[in-house]
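Please read the report below alongside the sequence and the coordinates.

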There are 2 protein chains.
Amino acid sequence: MSNTNLKKLSEELGLSISSVSKALRDSYEISAATKKRVLAMAEKMNYQPNPFASSLRRKKSITIAVVIPEIANNFFALAIDGIQLVAQQKGYHVLTYLTHENFKNEESTIKHLQGGRVDGVLISLCRDTDDIQHLVSLHETGVPLVFFDRVPERMECPTVTTDDYESGFKATEHLIQAGCKKVACLSLSNYLSITHKRMKGYEDALKKHQIKVDPKLIIQCTNDNGTNLQLIKKLLSRKDRPDGIFATVEKLAISSYYVCNDIKLKIPEQIRIISFSNLRTASLLAPSLSTITQPAFEIGKESASLLFRMIEKKTFGNRIDKIVLKSSLVQRNSSK
Amino acid sequence: MSNTNLKKLSEELGLSISSVSKALRDSYEISAATKKRVLAMAEKMNYQPNPFASSLRRKKSITIAVVIPEIANNFFALAIDGIQLVAQQKGYHVLTYLTHENFKNEESTIKHLQGGRVDGVLISLCRDTDDIQHLVSLHETGVPLVFFDRVPERMECPTVTTDDYESGFKATEHLIQAGCKKVACLSLSNYLSITHKRMKGYEDALKKHQIKVDPKLIIQCTNDNGTNLQLIKKLLSRKDRPDGIFATVEKLAISSYYVCNDIKLKIPEQIRIISFSNLRTASLLAPSLSTITQPAFEIGKESASLLFRMIEKKTFGNRIDKIVLKSSLVQRNSSK
DNA sequence: AAAAACCTTGAAAACGTTTTCGTAATCCGG
DNA sequence: CCGGATTACGAAAACGTTTTCAAGGTTTTT
């Protein structure tokens, strides 16, 4: 086992434990010569400090937690990438938790994090999180907390998001300008602020172009792919089917493609599609998929940076940062 | 802060610290009535045990580490998903580390893990890992270690892999049977066991069909996408260009698609492509991509399960498990 | 030459648990 | 009612660090 500790090291060196500890932490109290000796011996004996003893004593874990709905998802994978980059630079460890879009999981995960296991938490809510008591409670214990992308609607807290309203507006307007008269909206959740904003953009774009918002064209999708396929198939099989689809998340666009293949609907001739997406193969699809692409990697980086500012107390007292990044609309053939 | 600890709890209850601790851990030494009182008070005071004190004392972290080259990668994202599933069931925490295909990162990460921070490690090597001294060293400190997919060639250790040789063979033979005479192989690394095996399958399939292995058709790609695009473009622009591509990893197939679009090579008419891939949109590409699909999620699950068997010492003394799962070849239009 | 300042080290407490061991108090059969 | 078993709890050590404080020794100042 990992056996060499300060005690053994100090015995080997003929020094006290405290001196060895101080030498290793490069304290001014220790002479250069001694430090050199200690470092050499530590190297030789392959000393690795016990992180738990250290964390216990210093009340710091050098660890952050990332809580996300899923990982097999291009957006979140990229966000994690950005988070890890910053964490690695700071020398922090990253604990990852998946809620699988399940509120109970999110709740229990957050509760566990109250024990001091981490110095800060990055979180993107799950699709049916409405009650945020668990997060308020975590916040009250003093753990720095940053939300990214899927942020709570009614909580004063630091967030990193994108211009969801504008993106929803632009995407919808783009479809209208391409010729769509009946644009459907595929939504992920009833609760999430991001879907509210994206849908508000969608509705306002319709209104701007004198198109009435038709509730039948707004589909609340579920967390089950099979069900979603059925919902979309039903939508697209109607006589008065839409001629455009605005998908608020990537997987719903993918499902739409499958349904169109299935029922032989031509994209974009019979139905135009645009979607929020971080798919790297968007331009290789048949047809290439028009996307609103969120800067997922940057979102991760910004969130982590913000969190570390809070951890290091570099952020002003009770200042609450709300960072908003811009998504980019990329027109491709699915909306021509 | 997370302030309530055993001491406060015990004072509030008029019990000793040890009794409270034992009550919370449901020890037989404590009466049912007392346990009930303690549980109630712990709930009321929102007690969360300090994980570091506990880990320090018990010499267990209830945490595993996952070390992978990258996360924005369908294979690894799915594998992590499987790992997390098992870890969550076991009540373990998961620390994730990205090496970004950089050996130095891998080395230092592994070194840090020797301090006892985790009870076990799951790792997929990075593309240029040749020297495995750091892993031998970790293993020697007694930390259970399971390799998945990208495993070391010369080390006696538990692994979870797929039938890479057979898959490489089948994929290549499939291209030959589709009519290819000159099949190129896009490889990721010189060192990895998986690429060796996949390439051996490739070579043996060629030999079986009396096709000479042409070193000029075997391209060692790099870790830089731009460079890879150039390498592939050069390969496909030659007069004696190949009529088939066997890509050993997904991103090289994607790059090939881009190059073919760029230089107007028709897939599959002028060049057929098959690739290892976990792309969920493989069937939606233009043309749909033939794939060898690894059971990434299952690989994650199996690796984690194996690791936990080792952690729980349920695995026989020095028995070394080598689990091999089957990949599936899915023919689509890119190799018609 | 004594006093003050500095440099280097060590002893010990503390972080919050877990666990071993000891010990009252109760119980039960003979 | 006595001896042994059982039940329910507490005291204290231990895990491996970090940090405060004291102290011995050397150098500098007066």
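The text that follows takes up the cores and then the interface.

This is a predicted model, in which local features need pLDDT of at least 70 and side-chain atom pairs count only at pLDDT 80 or more, while totals for chains, interfaces and linings use all residues. Residues are numbered from 1 along each chain as its sequence is written, chains are lettered from A and ligands numbered from 1 in the order in which they are written, and side-chain values use heavy atoms, with hydrogens and water left out.

A nonpolar core is here a set of buried Ala, Val, Leu, Ile, Met, Phe, Trp, Tyr and Cys residues joined through side-chain atoms within 4.5 Å, buried meaning under 20% relative accessible area (1.4 Å probe, protein chains only). The largest such core has 126 residues, and A:Val121, A:Phe246, B:Val121 and B:Phe246 have the most contacts inside it. Apart from it lies another core, of 56 residues, which includes A:Phe75 and B:Ile80.

Between chain B and chain A, contact (heavy atoms within 4.5 Å) involves 51 residues of each chain. Buried area is the accessible area (1.4 Å probe) that two parts lose on being put together, summed over both. A salt bridge is a side-chain nitrogen of Lys or Arg within 4 Å of a carboxyl oxygen of Asp or Glu.

| Chain B and chain A | Value |
|---|---|
| Buried area | about 4,900 Å² |
| Carbon and sulfur share of that area | 55% |
| Salt bridges | zero |

In chain B, B:Phe52, B:Arg117 and B:Leu284 lose the most area to chain A, together 16% of what that side buries.

Note on methods. Buried < 20%, exposed > 50% of the residue type's maximum accessible area, 1.4 Å probe, protein only.
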